[in-house]
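The entries follow the order in which I looked things up.

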Amino acid sequence: MFASAIIANKRDGLSLSREEIEFIIDGFVANTVPNYQMSAWAMAVLCRGMDSREIADLTECMLNSGVRLERATDRPRVDKHSTGGLGDKTSLILAPLVACFELDVPMLSGRGLGITGGTLDKLESLAGYRCDLSASEINEQLRSIGCVITGTTPEITPADKKLYGLRDVTGTVPSIALITASIMSKKLAESLDALVLDVKFGSGAFMRTREEADQLAASLVQTGDRMQVKTQAIMSDMNQPLGRMVGNACEVNESIDLLRGGGPEDARELTLKLCAALLVATGKSKSVEEAILQLVDKLESGEALRRFQEMVEYQGGKFCDELPLCKATEFVSDRSGVLSAIDGQLLGQAVIELGGGRRELSDAVDHQVGFEMLVRLGDKIDSKQPLVNIFARTDSSRAVAEQILRKAMTIC
Ligand code: URA
């Protein structure tokens with residue numbers, strides 16, 4: 001077999017065989033398929049697409065490039081993946097909350113890059129929290145408390161790590177086939193029984209339109225099902241941040257409110273929906289309605305918050321129910337009207353300007369900066385009304401963030 005022939009087949013729109021896909025992926029990991037051929041292949045996949053059988057084969061080959069987590073207990077294993085958005089703190093609540101139902105949640109998460117925040121960065125706002133657990137530490141923690149949120153290990157899906165780096169610099173990220181295989185290979189390496197996907201659409205999401213998000217959701221669900229993992233997608237709107245807080249420590253504070261049964265309604269509703277899907281998929285609840293009642297009970301009894309605290313402490317973190325933030329200043333409206341649009345990309349850029357996000361994966365993040373959104377889309381706004389509380393480290397970063405916010409929020 002020759003890589004050049006496989007690339008040409010895809011360029012001509014042919015469906016690749018399992019053997020051809022395996023040859024390319026294994027060769028890429030072994031360095032016998034060089035980056036220039038892999039880039040050409042990724043571009044051919046982006047332009048020609050893949051059918052669902054090819055996507056499942058690609059996912060499985062990427063999964064097989066590394067190891068899978070072994071099952072630690074007899075309890076069903078579940079997880080959630082979100083396609084990323086502003087203010088999305090649902091993972092911090094979901095993992096301890098569903099673990100209260102005798103489900104194991106081996107959540108391997110990522111760091112923020114670009115405009116979307118990373119779950120690991122948020123948790124590292126808690127002093128000492130470790131995100132580099134080994135496979136045996138993950139299993140030990142699952143046996144004890146049923147949930148873990150940590151970074152992926154180097155042995156898991158090395159093909160994805162290498163291919164993602166190449167896609168990032170060759171304009172081949174936005175391929176449904178490549179995104180599906182990338183996301184699902186990592187999630188399937190957790191050896192799950194059920195997976196729920198939060199597929200976001202809108203100005204602050206990876207997929208800007210509902211149609212693109214629907215296509216991605218269908219591809220992810222088909223791939224999960226083909227690989228015997230009960231997979232469900234929930235579509236969610238990312239035309240404005242989820243909840244009020246956007247940043248690292250401030251999102252942990254809001255998560256703790258949610259774990260106490262409070263918090264903003266949109267974040268609570270989405271988190272409960274995602275958790276309910278997992279309870280129904282694993283037979284813990286007969287219906288979504290029943291699941292929601294059971295979940296609310298775990299929030300209001302304090303059990304979910306206690307499980308979160310246990311998780312933090314197990315991973316070396318110091319639990320704190322209100323993390324300190326940089327000094328807040330109000331950003332006020334310069335006109336009256338209705339808040340008709342929020343440009344999520346700009347808002348995300350403003351978080352990066354404050355130091356709360358990364359341009360490069362090696363950048364450090366400032367955990368104590370961020371925003372509290374004081375208004376929602378559709379709200380009537382008066383001139384001089386406070387729109388956002390800005391938590392900034394310096395006057396200069398606050399001034400830059402204010403300039404961006406002025407452009408990001410349309411009031412007319
Ligand atoms: N997230 C991933 O993990 N992979 C992609 O390709 C895109 C988003």
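**Entry 1: the second largest cavity**

I found that I93, L97, L258, R268, T271, L272 and L299 line the second largest cavity. I worked on a 1 Å grid over the protein atoms alone, where a cavity is a set of points that a 1.4 Å probe fits but cannot leave, and lining residues have an atom within 4 Å of a point. The model is predicted, so I noted that local features need pLDDT of at least 70 and side-chain atom pairs pLDDT 80 or more, while totals for chains, interfaces and linings use all residues. Residues are numbered from 1 along each chain as its sequence is written, and side-chain values use heavy atoms, without hydrogens or water.

I recorded a volume of about 40 Å³ for the second largest cavity; a volume is the space filled by probe spheres set on the points, which are joined across faces, edges and corners. α5 (90-99) and α12 (265-281) each supply at least two residues of this lining, and α12 gives the most, with three residues. Helices (H or I, at least four residues) and strands (E, at least two) are DSSP runs, numbered from the N terminus.

By class, I listed five nonpolar, one polar and one charged residues in the lining of the second largest cavity. Ala, Val, Leu, Ile, Met, Phe, Trp, Tyr, Cys and Pro count as nonpolar, Asp, Glu, Lys and Arg as charged, and the others, Gly among them, as polar.

**Entry 2: the largest cavity**

How many cavities of 30 Å³ or more does the count come to? I recorded two cavities by this rule. The largest cavity has a volume of about 160 Å³. I noted 22 residues in its lining, with I115, T116, G117, V351 and G356 the closest to its centre. α6 (119-123), β6 (245-247) and α15 (344-354) are the elements that give two or more residues to the lining of the largest cavity. α15 gives the most, with three residues. I sorted the lining of the largest cavity into six nonpolar, 12 polar and four charged residues.

**Entry 3: the pockets**

I then turned to pockets, a pocket being an open set with protein on both sides within 12 Å along at least five of seven lines. The second largest pocket has a volume of about 230 Å³. I counted 14 lining residues there, of which S236, D237, L242, D266 and L270 lie nearest its centre. β5 (230-237) and α12 each supply at least two residues of this lining, and α12 gives the most, with four residues. The lining of the second largest pocket divides into six nonpolar, three polar and five charged residues.

The largest pocket holds about 1600 Å³ of space. I found 43 residues lining the largest pocket, with G110, R111, T116, Y164 and K186 nearest its centre. β1 (78-82), β2 (105-109), α6, α8 and α9 each supply at least two residues of this lining, and the largest share, six residues, comes from α8. I divided the lining of the largest pocket into 12 nonpolar, 20 polar and 11 charged residues.

**Entry 4: the ligand**

Which space does the ligand take? I found that its space is the largest pocket; a molecule sits in a cavity or pocket if more than half of its atoms lie within 2 Å of its grid points. Around the ligand I listed Y164, R167, I179, S182, I183, K186 and F206, a residue being near if one of its heavy atoms lies within 4 Å. This shell divides into four nonpolar, one polar and two charged residues. α8 (158-170) and α9 (176-188) each supply at least two residues of the shell, and α9 gives the most, with four residues.

I looked up the polar contacts next, each a pair of N or O atoms within 3.5 Å. An N or O atom in the side chain of R167 is 2.9 Å from an oxygen atom of the ligand. A polar side-chain atom of K186 lies 2.5 Å from a ligand oxygen atom, and one of S182 lies 2.6 Å from a nitrogen atom of the ligand. Taken alone the ligand exposes 240 Å², of which the protein buries 82%; I noted that accessible areas come from the Shrake-Rupley method with a 1.4 Å probe.

Methods
Polar contact = N/O pair within 3.5 Å; in protein donor to acceptor, adjacent residues only side chain to side chain.
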